[in-house]
Amino acid sequence: MALDLGTARTRSLTVCGPTIADRPSSIVRRSSTSGERDVVQPIRHGMVADPDACLRLVRMAVRDTLHYGPRPLEQVLAGVPVAASPGDRRAVRAAVAEIAGCEVRLVEEPLAAAVGVGLDVIDPRPCLLLDVGAGIVEAVAIRRGAVTDAVALQLSATTSAGLVAYALENVVDMTAGLLRRLPATSCRAARARGVVVTGGGAHQELLLRRLRAVLRLQVSAAPQPQHATVRGLMRLCLQPALAAGLALSSR
């Protein structure tokens with residue numbers, strides 16, 4: 001099973017499932033004091049904010065995917081932000097393992113997204129990817145199967161139209177800063193390959209235009225960018241040889 005726990009949406013997919021299960025990440029929970037129903041966000045900035053609510057979210061995601069087949073799960077590949085601390089990673093692993101009852105491997109989400117859109121992540125030449133989620137944006141350089149450099153911006157809010165103006169400019173500046181700090185030879189190679197944008201924010205045309213204007217290189221949104229991470233996780237499930245060549249998280 002591939003599991004992408006996002007701030008706004010959670011997406012999951014199994015080998016035998018015909019389609020991606022996509023549900024809101026919010027959980028409705030009855031307050032222990034007032035008895036009223038509260039809407040809880042288990043994931044904030046791509047990290048586990050409420051462990052109990054996260055367990056419920058994972059349970060629903062597993063139920064969604066196992067609807068397509070009765071086979072018990074043997075392994076779950078779950079995405080985590082590059083910026084996730086060891087404690088954040090342990091929280092994801094613990095929640096998924098408790099519900100799924102099987103081995104859990106963590107993959108940094110921009111790396112999974114790069115695999116999902118077909119980038120050659122094993123190439124010694126670096127590629128640049130910008131993953132624009134609802135709670136966190138990460139710009140990364142990837143080479144030889146690992147994220148070799150990364151910068152992140154946590155978002156307090158997004159709109160239906162995408163990033164708000166100040167956040168959009170911060171994302172552009174952050175990506176430009178990553179490019180500037182690459183070694184000269186790596187920077188030339190990365191510029192030649194351009195930047196691929198994934199995540200739901202890749203649909204925001206203004207962001208793409210600003211990136212092209214400031215970076216002065218090719219910037220392209222991935223096809224179905226909101227599904228890049230979960231598709232990459234599933235590809236790694238199906239291609240263990242490829243997964244073995246990547247630096248998967250053990251923290």
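The lining of the largest cavity comprises nine nonpolar residues, one polar residue and no charged residues, where Ala, Val, Leu, Ile, Met, Phe, Trp, Tyr, Cys and Pro count as nonpolar, Asp, Glu, Lys and Arg as charged, and the others, Gly among them, as polar. The model is predicted: local features need pLDDT of at least 70, side-chain atom pairs count only at pLDDT 80 or more, and totals for chains, interfaces and linings use all residues. Residues are numbered from 1 along each chain as its sequence is written, and side-chain values use heavy atoms, without hydrogens and water.

A cavity is a set of points on a 1 Å grid over the protein atoms alone where a 1.4 Å probe fits but cannot get out, and its lining residues have an atom within 4 Å of a point. The largest cavity has a volume of about 50 Å³, the volume being the space filled by probe spheres set on the points. Its lining consists of L128, L129, L130, A139, V140, T175, L178, L179, V195 and L215. Strand 10, strand 11 (136–143) and helix 4 each give two or more residues to this lining; helices (H or I, at least four residues) and strands (E, at least two) are DSSP runs, numbered from the N terminus.

After helix 6 comes R216, with a positive phi near 55 degrees.

Key
1 Å grid on protein atoms, 1.4 Å probe; cavity = no way out; pocket = protein on both sides within 12 Å on 5 of 7 lines; lining within 4 Å.
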